[in-house]
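Reader: Could you walk me through the terms used for this model, one by one? I would like to see each label set against its cut-off.

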Amino acid sequence: MDAIERFAADVAHEIKNPLTSIRSALETLPLVRTDSQREKLTALLQQDVRRLDRLITDISNASRLDAELNRDRPRTVDLTVLLGEIVGVYEAGRKPGEAAVAFEPLAGGHAMVVGRDGPLGQVFRNLIDNARSFSPPDGTVRVSLARDDLDGARPVRVRVDDDGPGVPPENLETIFERFYTSRPRGTAFGTNSGLGLSFVRQIVEAHGGRVWAINRTRPDGGVAGARLEVALPAAPAGRRP
């Protein structure tokens, strides 16, 4: 109940911001005298409507997420196949100027986990979308599978690297909180609700995993880009899909 109350309070706060802006623009609209002023107000209204539309869509998805996680029966998922299919869709639909998405499978075999392929697919799409939004034009987002046998509880690793500006050190944890938004300059307003990475954490933790962010560095110590990494438990040996 506490979690529901906090979510409802967050939603109310986020929706009030564009509504307040819309109300102010509508009250001002009859007073404007020039076409340029009217166009600016109209553009502001359109931005706020897009923001509301994105918020409502993602809030609706959030309300269904817990039910989906509880309803679907976990089964063995081959992350090599799942990630290969997801990356293939991105590459097939890539437009000029958009960041490419490359996949590096696990050396020497497949990566099997127990989970729900639908929500897990959403995790990796959200991570890729986030990385592409911070990538330079015509850059590359690299998705790789690895195994860390030093972590007996969660040895399966999925890494998503970009060549963007990195994450401010004080926000390496904050980016996974609901409604956190800090977008690259030039990003269209209203295209991000700040819920994508909070969905990632919720789904990953429901699968017994964890997710975190680090900044990759160059030899000179500068930031080379961000890495978001997911650690998941491996499926028991011999478990069938």
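Author: Gladly, and let us begin with burial. In α4, the buried residues are P119, L120, G121, V123, F124, N126, L127, I128, N130, A131 and R132; buried means under 20% relative accessible area, exposed over 50% and partly exposed in between, with a 1.4 Å probe and protein chains only. This is a predicted model, where local features need pLDDT of at least 70, side-chain atom pairs count only at pLDDT 80 or more, and totals for chains, interfaces and linings use all residues. Residues are numbered from 1 along each chain as its sequence is written, and side-chain values use heavy atoms, with hydrogens and water left out.

Reader: What makes α4 a helix, and how does its reach compare with the expected span?

Author: A helix is a DSSP run of H or I with at least four residues, a strand a run of E with at least two, and both are numbered from the N terminus. Helix α4 covers residues 117-134, which is 18 residues. From first C-alpha to last it reaches 26 Å, close to the 26 Å expected at 1.5 Å a residue; the expected span is 1.5 Å times one less than the number of residues.

Reader: Why is S198 called buried?

Author: S198 has 9% relative accessibility, so it counts as buried. This residue is found in helix α5, residues 196-206. Leaving aside neighbours within four places in sequence, S198 is in contact with F176, E177 and R178, where contact means heavy atoms within 4.5 Å.

Reader: And why does D138 count as exposed?

Author: Because its relative accessibility is 55%, D138 counts as exposed. D138 lies in the loop between α4 and β4 (140-147). Its phi is near 60°, a positive value in a residue other than glycine.

Reader: How do α4 and α5 pack, and at what angle?

Author: The two helices pack at an angle of about 145°, with axes 9 Å apart; axes are lines fitted to C-alpha atoms over the stretch in contact, and angles run from 0 to 180 degrees between N-to-C directions. The contact is made by P119, L120, Q122, V123, N126, L127 and N130 of α4 and G196, L197, F199, V200, I203 and V204 of α5.

Reader: Which parts make up the whole chain?

Author: The protein chain has five helices and seven strands, and buried residues make up 39% of its 241 residues.
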